[in-house]
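Dear colleague,

I am handing over the structure below, and after it I set out what was found. Please read the notes with the coordinates open beside them.

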Amino acid sequence: MKLLKLSFFALLLLHLHLGLKAQEITWTPVEPGVWKGVFGAPEVYDLLKASGAKPNHESLNKLGQATFPFSDQAITAQLNDGKTYLRIPLDKSEQLYGFGLNFQTIHQRGKILELHVDHYGGKDNGRTHAPVPFYVSSNGYGVFINSARYIKVWAGTGMRKDSKNFPLPKDRNADKSWSSRNNGDEVEILVPAAGVEIYVFAGPKPLDAIKRYNLFNGGGYLPPRWGLGFTQRVMTRSTAADVENEVNSFEEKGYPLDFVGLEPGWQSKAYPGTFSWDKNRFAEPAGFVKSMLAKGIRLNLWINPYVSPDAPFYKEIRPLTGSHTVWLGAVPDFTLPKARQLFFDQLQKDQVAIGISGYKIDEVDGYDYYLWPDVATFPSGTSAEQMRQTYGLLMQRYSAEMFKNSNKRTYGLVRASNGGGTSFPYVIYNDYYNHEDFVTALINSGYAGVLWTPEVRASKTGEEWLRRFQSNVFSPMAMINAWASGTKPWTYPDVARQVKEYALLRMRMMPYWYSESAKYHFEGIPPFRGMNLEEGFTQEAKVEKKANDNLEENPYAEAVSKEIKDQYMAGEYLLVAPMFTGQTERKVILPKGRWYDFYTGAFVGDGQVITVSPGLDKIPVYVKDGGIIPLMPALLHSPKLGAKVDLEIRHYGEKASEYNLYDDDGETFDFEKGAFTWRKIKVERLKNGHLKGSISTPEKGKPNTIGKVSFTFMTK
């Protein structure tokens with residue numbers, strides 16, 4: 001008996017030893033510069049399956065092959081207690097970016113995170129609207145963990161005793177340089193599953209890795225032109241007459257408007273919803289939608305997916321919902337085809353079929369006490385945790401399919417997303433309202449493959465209103481969200497003129513924003529991104545001191561070590577440095593290369609820190625040397641289908657340069673069948689020293705929405 005017991009315990013110890021032992025990850029190249037690693041037994045349901053993401057093979061092939069970035073130091077994995085433990089090596093000087101839509105931090109090395117879909121709670125702890133398990137290294141590679149679980153990350157915080165770079169311990173009693181924190185040499189990740197898929201994206205530069213990640217997920221969404229215009233969300237209980245009056249006010253006052261958002265009051269009941277029109281507020285929905293479209297106004301409807309017992313399809317969908325309710329509404333299991341059919345058929349026949357152009361998908365993020373608990377069950381067998389991590393993805397995916405089936409592009413808002421959601425037609429928003437943190441989130445969106453809007457709602461002063469509005473214009477969606485406040489662009493009379501100027505500037509810049517959105521789709525380049533992704537920002541360069549007092553010493557050493565979270569790149573050529581309430585001046589770090597003022601064309605610096613005082617009317621925006629910015633007239637609505645618009649093409653600086661201008665019909669998915677064109681804009685320097693601009697002729701049989709073209713050389 002004793003021998004049998006010993007044998008049993010010996011086997012148990014052997015089993016535990018094997019469970020803890022580092023095992024091999026099987027690596028397979030899946031796209032140029034992209035490798036999939038498989039460890040253990042990955043779960044059937046994951047982020048990529050939930051999103052249905054499909055790689056853009058053609059664009060990935062254009063990026064070409066690359067070297068696997070972990071050939072010297074391997075990524076290792078262990079299975080322990082039914083969980084997967086990953087170890088990914090770090091160099092001593094590496095910085096990390098990403099791990100989702102963070103609001104307060106850009107640098108993620110040294111952070112401990114639990115990547116968990118949630119309403120943002122004011123802390124960058126991983127619980128956020130888009131906790132994307134993807135990060136990019138300053139060494140020029142990216143890593144994605146394809147799991148729909150709550151993932152725990154120690155981003156270089158722990159120091160193992162068997163580390164190859166174990167530092168010499170210091171005596172706290174005698175050494176003032178002693179620190180309570182260690183700079184670990186690994187990213188350690190815990191996935192609560194018995195296996196996982198890991199994807200590695202090569203560079204050689206960080207932006208290259210991000211491009212590969214975005215293209216692997218289908219590329220960024222190309223919105224309709226109207227989606228890049230201006231949107232106003234009206235108060236919750238607005239009626240059809242209220243909306244018509246508001247639309248007329250925009251027209252009369254000369255403020256641009258492309259789409260109006262209707263909040264919960266459009267439904268007969270909300271929280272939970274019926275997904276049917278309130279006939280007291282909107283007596284004839286089809287006629288109302290038609291009249292708005294005739295004015296050039298699209299409508300976007302607020303929804304959350306929780307089904308009221310008074311919904312017309314409640315009885316049929318109830319067996320296909322989770323064990324727990326949200327606001328006493330049934331929670332559809334969208335992994336089941338029948339549940340999807342019942343829910344989205346209602347939206348299709350009641351709203352999309354009469355001309356509704358998009359949705360605002362609310363309440364798919366958190367708080368914990370709003371949504372279902374982790375003990376909830378769903379009829380498909382998908383766990384409550386996995387459903388929480390992917391519910392925003394599922395809503396985006398299947399609502400977007402409705403519009404694609406009608407060959408109409410949409411553009412809307414969502415409260416939650418995750419890895420794999422890059423190609424969806426949604427911009428993230430939330431209830432948080434810190435202006436500075438909104439800008440930080442805009443920067444971080446470029447590392448996470450999502451879009452974010454620093455929306456404007458209300459302000460204590462006209463100055464705050466204008467400052468928020470100015471930065472909102474340089475974002476994926478220019479929006480006032482007045483569901484509670486009832487604010488209008490002209491609510492603050494002391495800054496109404498400046499607000500109108502920026503709203504019209506947004507419209508003028510539509511050709512630039514549209515082309516940059518196309519690059520996000522076809523090339524994977526985030527339209528809004530952090531400074532470390534800009535060529536010439538982090539490299540060391542010796543800058544001669546200037547006599548001018550506002551020019552300081554070279555910023556690059558500081559830029560590498562210090563988070564730069566109050567300025568960002570917008571498209572290929574623009575550097576945006578928002579102003580915040582109370583600021584009369586600010587510092588701007590200019591990358592290496594000559595930079596020019598966006599508004600005047602004046603030279604401002606080269607690889608320097610400048611201190612600027614722009615006044616209340618403007619925020620600092622700079623254009624790199626050779627920058628080409630295509631502009632159209634300041635229309636009050638985006639161009640209609642088939643309409644041609646004239647272009648003013650601005651060139652900044654001294655360099656000869658080129659720019660690819662994108663064109664298609666602006667509304668349908670015909671571009672996926674080749675109905676699009678890239679027109680080459682060139683600026684050349686002639687023998688006499690003068691600059692000359694030209695634009696290529698459109699391809700025969702391809703869309704052409706461009707009328708007359710003129711060139712303005714901003715730098716004299």
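Arginine 87 is buried, with a relative accessible area of 14%, where buried means under 20% relative accessible area, exposed means over 50% and partly exposed lies in between (1.4 Å probe, protein chains only). This arginine 87 lies in strand β4, residues 83–89; helices (H or I, at least four residues) and strands (E, at least two) are DSSP runs numbered from the N terminus. Leaving aside neighbours within four places in sequence, arginine 87 is in contact with Ala74, Ile75, Thr76, Gln78, Arg160, Asp162, Glu186, Val187 and Glu188, contact meaning heavy atoms within 4.5 Å. Arginine 87 and methionine 395, which are 308 residues apart in sequence, stand 33 Å apart in space, C-alpha to C-alpha.

Before going further, please keep in mind that this is a predicted model, in which local features need pLDDT of at least 70 and side-chain atom pairs count only at pLDDT 80 or more, while totals for chains, interfaces and linings use all residues. Residues are numbered from 1 along each chain as its sequence is written, and side-chain values use heavy atoms, with hydrogens and water left out.

Glutamate 31, placed in strand β1 (residues 26–31), counts as buried at 11% relative accessibility, and, its neighbours within four places in sequence left aside, glutamate 31 is in contact with Pro55, His57, Leu60 and Phe216. Between glutamate 31 and leucine 393 there are 362 residues of sequence separation and 23 Å in space, C-alpha to C-alpha. Lysine 408, by contrast, sits in the loop between α9 and β17 (412–414) and counts as partly exposed at 47% relative accessibility. Although lysine 408 and threonine 668 are 260 residues apart in sequence, their C-alpha atoms are 4.8 Å apart in space; not counting residues up to four places away in sequence, lysine 408 touches Phe403, Glu667 and Phe669.

For the chain as a whole, there are 14 helices and 33 strands. A compact globule of 716 residues would have a radius of gyration near 27 Å, and the chain, with 26 Å, agrees with that; the radius is taken over C-alpha atoms, and the globule rule is 2.2 Å times the number of residues to the power 0.38. Along its principal axes the C-alpha trace spans about 95 × 75 × 55 Å. Of the 716 residues, 59% count as buried, and residues 24 or more positions apart account for 74% of the contacts with a separation of 6 or more. The chain exposes about 29000 Å², of which carbon and sulfur atoms supply 52%, the areas coming from the Shrake-Rupley method with a 1.4 Å probe. There are 85 positive and 79 negative side chains, the centres of the two sets lying 2 Å apart; Lys and Arg count as positive and Asp and Glu as negative, without His or the chain ends, and each charge is placed at NZ of Lys, CZ of Arg, CG of Asp or CD of Glu.

Helix α11 (residues 462–473) has 12 residues and reaches 17 Å from its first C-alpha to its last, close to the expected 16 Å, that expectation being 1.5 Å times one less than the number of residues. Of its 12 residues, 11 are buried, among them Trp465, Leu466 and Phe469. The buried residues of α11 pack against β13 (230–233), α10 (435–448), β19 (478–481), α12 (496–508), α13 (510–523) and β21 (568–570).

Finally, some backbone details deserve a look. Most residues other than glycine have a negative phi, and most peptide bonds are trans. A cis peptide bond joins glycine 203 and proline 204, with omega about 20°, and proline 204 is in the loop between β12 (195–201) and α4 (206–216). Another cis peptide bond joins tyrosine 271 and proline 272, with omega about 0°; proline 272 is in the loop between β14 (259–262) and α6 (285–294). Phenylalanine 275, also placed in the loop between β14 and α6, has a positive phi of about 60° although it is not a glycine, and this phenylalanine 275 is buried at a relative accessible area of 0%. Glutamate 363 likewise has a positive phi of about 60° without being a glycine; glutamate 363 is found in the loop between β16 (358–361) and α9 (384–405) and counts as buried at 7% relative accessibility.

With best regards
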